[in-house]
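Could you have a look at the entry below alongside my comments?

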Amino acid sequence: MPENPYDLQQAFSEPYALSADHIAFYQKNRFIKLKHVFDANTLAYLSRAINDRVAQMNTNSSKLEERDTYGKAFLQLFNLWREDEAVKELVFSKRLARIAAELMQVDGVRLYHDQALFKEGGGGITPWHADQYYWPLETDRTVTAWIPLQATPLEMGPLEFSAGSHRIVEGRELAIGDESEKVMQQRLRVTDFEHVIEPFDAGEISFHSGWVFHRAGANTTQDMRRVMTIIYMDRDMILKHPENDNQVHDWNTWCPGAQIGEIINSPINPVLYEASWK
Ligand SMILES: O=C(O)CCC(=O)C(=O)O
């Protein structure tokens, strides 16, 4: 815990100075990387809390070589905010939720769910994909905050983006796996969308929207690439008729009880920020 709990409260609530250029960049490319979102103390505090919680929740003890491509990509734990007060403070951080709302240019955001994505030392690639294939959500006003808990050099497999690729419809029907990697690699190579592969500084966070294609390289180091993610959606997001089994699964799991055609407002989809709270 940082020496002064007030510092932590401030780190989670103080507005980030998002410029009109940041918003325009996000609107065009549907991803953005923002530096200095959290300072070293806050990151150290989060890192400890999330590390401990992942260690408690993880049940995967199989060897990397025994897993398929998806399984080699990362250990994946969900909705840590429901298990851990420190993680809940992060997920309910107004600083982050306000960035999400302003990037999407919406009046408010609510939580879809959170995930820890820990790519083990020696872990494999995360294949090209677009997240929204999995989500029964009516619009693309969705954004994931990808929060590395350490500086993430290229050797650790930082998140990579195909800038502006939300405009491609082909490939949206692909689940994460060998096929999505192969098909999208070929498809994206013949487009003008820039493939952005950059390390992340400590405290840097990226935000990407539901239909933008992204991937990550393998972790060729011996250290865990520790990442927390928070998925935000428009406060007024409507549940659509699911289009595949994954979307049925997500409906039952991440917005239980929500009704098709209505705003998603289950107890596990709290509103995290409204512009009127300013
Ligand atoms: O962390 C990774 O390797 C992939 C993350 C990702 O695909 C996402 O957060 O949408």
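This is a predicted model: local features need pLDDT of at least 70, side-chain atom pairs count only at pLDDT 80 or more; totals for chains, interfaces and linings use all residues.

1. Helix α7 spans residues 178-189, 12 residues in total. From its first C-alpha to its last it reaches 17 Å, close to the 16 Å expected at 1.5 Å a residue.

2. Which residues of α7 are buried? They are Ser180, Glu181, Met184 and Leu188. Viewed down the helix axis, these buried residues fall within an arc of 95°, so they line one face of α7.

3. On the face directed away from the buried side sit the exposed residues Asp178, Glu179, Lys182 and Arg189.

4. Strand β5 (residues 142-148) is another matter. Here 7 of the 7 residues are buried, so the strand is largely enclosed by the rest of the structure. In a regular strand, side chains alternate between the two faces of the sheet. Both faces of β5 are covered, with Thr142, Thr144, Trp146 and Pro148 buried on one side and Val143, Ala145 and Ile147 buried on the other.

5. What does β5 pair with? Strand β10 (residues 227-234) pairs with β5 in the antiparallel sense over 7 bridges, and Val143 has Tyr232 of β10 as its bridge partner. Strand β8 (residues 205-209) is also antiparallel to β5, over 4 bridges; there, Ala145 is partnered by Phe207.

Definitions and conventions:
Residues are numbered from 1 along each chain as its sequence is written. Side-chain values use heavy atoms; hydrogens and water are left out. Helices (H or I, at least four residues) and strands (E, at least two) are DSSP runs, numbered from the N terminus. The expected span of a helix is 1.5 Å times one less than its number of residues. Buried means under 20% relative accessible area, exposed over 50%, partly exposed in between (1.4 Å probe, protein chains only). The arc is that of the directions from the helix axis to the C-beta atoms. Two strands pair if DSSP finds at least two bridges between them.
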